[in-house]
Number of protein chains: 2
Amino acid sequence: MILSGRVVTISRTRIHLGLNALKDLRKLLASHDYRASRVIILTDTNTAKHCLPRLVSICPELDSASMFEIDPGEASKSLAAAEKIWIELLLARADRQSVLINLGGGVVSDLGGFVAAGYKRGIRYINVPTSLMGMADASIGGKTGVNLGQLKNQAGFFYLPFAVFIDTAFLKTLSEAHLRSGFAEIMKSALIGDPVLWRRILKHGAEAILAADTSEKLWQDLVFKTVTFKNKIACQDFTEKKLRKILNFGHTIGHALESLTLGLENRALLHGDAVALGMIAETRLSQMKTGLSETEAEVIASFLQSAWAAQVLMLKDMIVRGDISIERISNMLFNDKKNKDGRIHFTLLKEIGKPALNIQSRPDEIAVSLKRLFESS
Amino acid sequence: MILSGRVVTISRTRIHLGLNALKDLRKLLASHDYRASRVIILTDTNTAKHCLPRLVSICPELDSASMFEIDPGEASKSLAAAEKIWIELLLARADRQSVLINLGGGVVSDLGGFVAAGYKRGIRYINVPTSLMGMADASIGGKTGVNLGQLKNQAGFFYLPFAVFIDTAFLKTLSEAHLRSGFAEIMKSALIGDPVLWRRILKHGAEAILAADTSEKLWQDLVFKTVTFKNKIACQDFTEKKLRKILNFGHTIGHALESLTLGLENRALLHGDAVALGMIAETRLSQMKTGLSETEAEVIASFLQSAWAAQVLMLKDMIVRGDISIERISNMLFNDKKNKDGRIHFTLLKEIGKPALNIQSRPDEIAVSLKRLFESS
């Protein structure tokens, strides 16, 4: 399977994946039709150090671009950060024909997309994801946003990137922890839409996939499958009226866990880790609510509980210490964006590859599913 | 001409104008299809006092809606105000099926539209304009935004209201100063697109139109002509790639004047007053750049200079005192959203009813046009 130079075009976003992705970016910027009056690159301090050199070596014209740098981590996904960049853009006299390139993970592309959507009522932006989370999920589909306090993505817009360039060579810059976090979205994609991919992952095993010597070809393949699936869904239901909600499996409880640990020093869960824990609980909820078989539920939960054993333990520890509680997690769920009429709606599984939308659950059912998270640990 | 109950539907925005407008709003909110999980009303302290009672008397169900109140004036159109409302909405557990009703002038609908666009990636909003500026301009067309520091509307989105309900009875709550400000947008509409309306306004005279005893029927008629014209243009070119720019006549210099006086206590120009002064200068620029005849330019400029005589004098006084200068106005123009490649682009007039787009002007030409503002005063 040759993935280099693969281009997927659905709706208005062109997605370039493979060995030639950054060369394609260079071509786009040079093309007469594109006409960027000014290029601005948004990075965090990590990607400025580890990824920008590669980008500029392949696209040397970008050496003269304006550079904005944010601190890594969720705390940068704030309205204050967006305002700061907007004011910098004004000072740099960036006009409506400017283009913002987001070089980084989900935080950079979520914030950068939000900034691009709102600057002078919208400029173009390009995502160059550098994390697995960015490549497999955050850079695709045009969900932009910032956090309000500890509540994730509560202010934001649906605003598509002009193009996305995915160069899996950047994965070499990632720690295993961040690889694992991004891997959760690949897992989710397999569970809701791709039983073949799911069996392949099972066969490989999580530790083998996350090992340092995993080939770029395997990553390209896993990312390609996840990205094309997500892009297809996002384009069919851009503003998440219905179908797109299937992508929220694991995210309802996941977001609550992420929000609650956001303020806890050194123990904040990475987005993907929170989603993985969310998927375990929502798999248990699926058994109760949508008839997911015990066999499938056991296989899913035990795979996730083993791959995210450290995070399960950490969460258990936080509950034992009283830093968070099942009740507070449950309360936090009421702020989920998918809520309707004050009730909590989940995306659950009927079986692997068959999601079920808008499933209401009672607080006691949610509590049971959360408690089962810690069963085998 | 019967205007009561008139409904214009173009694109996705329904615009109701006339005696039955607020009754139509009540019907919408009661309709099964609309399904608002929660209704939130945004007002400023003036409209809460003077307009909310009328709204609630016609739509008694709104008595139980959540109410948010902002201070009147441009200073409320800030990111900080938007954040505050977003957090209030979260605390009130407003979900994606909530609806925000903006009851007020341009500040309320610009800010409220921005809040609705960004809350959980977008909820529906309804504009009920109470000022002439709101009715004739700000409530229509889906331009939402907040100011960044003293720079107007630099953060914002194109996001259409679900519906607009225009009840000209609210005009009775307005001071003559605010009527005059809104009247500037009606003037603009006539100048760029409706020579018949322009001749009618000339015949009436500004002072007669702005007089307290002007019939609601005349206002309805003027507002109807302006609104249908703007809505048509906005729907043809929603994101202002080309055609919609014609609506910017007077606004390039107008925005600069408004921004520069924003921080000056008691002397901040109202939006429409700034646009009126902008139209005088840009009429002069039209003579230089797009061949507007001297005869037409004189008629336009003298009408505006007479109707906005006090504002022309005030601006002259600020320049004499050194509070602002022609040079600072010129510099401010470089931050206009319509700029391209660092050059200043104007919408000018070739003749009355025939606008010209993207006209570049040199700083010296702009300076001449600004100086001619004070010629006859």
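Trainee: How many helices and strands does the secondary structure of chain A come to?
Mentor: Helices (H or I, at least four residues) and strands (E, at least two) are DSSP runs, numbered from the N terminus. Chain A has 16 helices and 11 strands. This is a predicted model, in which local features need pLDDT of at least 70 and side-chain atom pairs count only at pLDDT 80 or more, while totals for chains, interfaces and linings use all residues. Residues are numbered from 1 along each chain as its sequence is written, and chains are lettered from A and ligands numbered from 1 in the order in which they are written.

Trainee: What radius of gyration does chain A have?
Mentor: The radius is taken over C-alpha atoms, and the globule rule is 2.2 Å times the number of residues to the power 0.38. For 377 residues a compact globule would have a value near 21 Å; chain A, at 20 Å, agrees.

Trainee: How many residues of chain A are in contact with chain B?
Mentor: Contact requires C-beta atoms, placed from the backbone, to lie within 7 Å. By this criterion, 33 residues of chain A meet 33 residues of chain B. On the chain A side, β8(A) supplies the largest share, 6 residues.

Trainee: Which residues touch the most other members of the largest nonpolar core?
Mentor: In soluble globular proteins, nonpolar side chains tend to be buried together. A nonpolar core is a set of buried Ala, Val, Leu, Ile, Met, Phe, Trp, Tyr and Cys residues joined through C-beta atoms within 7 Å; buried means that 20 or more other C-beta atoms lie within 10 Å of a residue's own. Here the largest core has 224 residues, and A:Leu277 and B:Leu277 touch the most other members. Beyond its neighbours within four places in sequence, B:Leu277 has contacts including B:Trp308 and B:Leu373.

Terms used. Buried ≥ 20, exposed ≤ 12 C-beta atoms within 10 Å, placed from the backbone. Contact = placed C-beta atoms within 7 Å.
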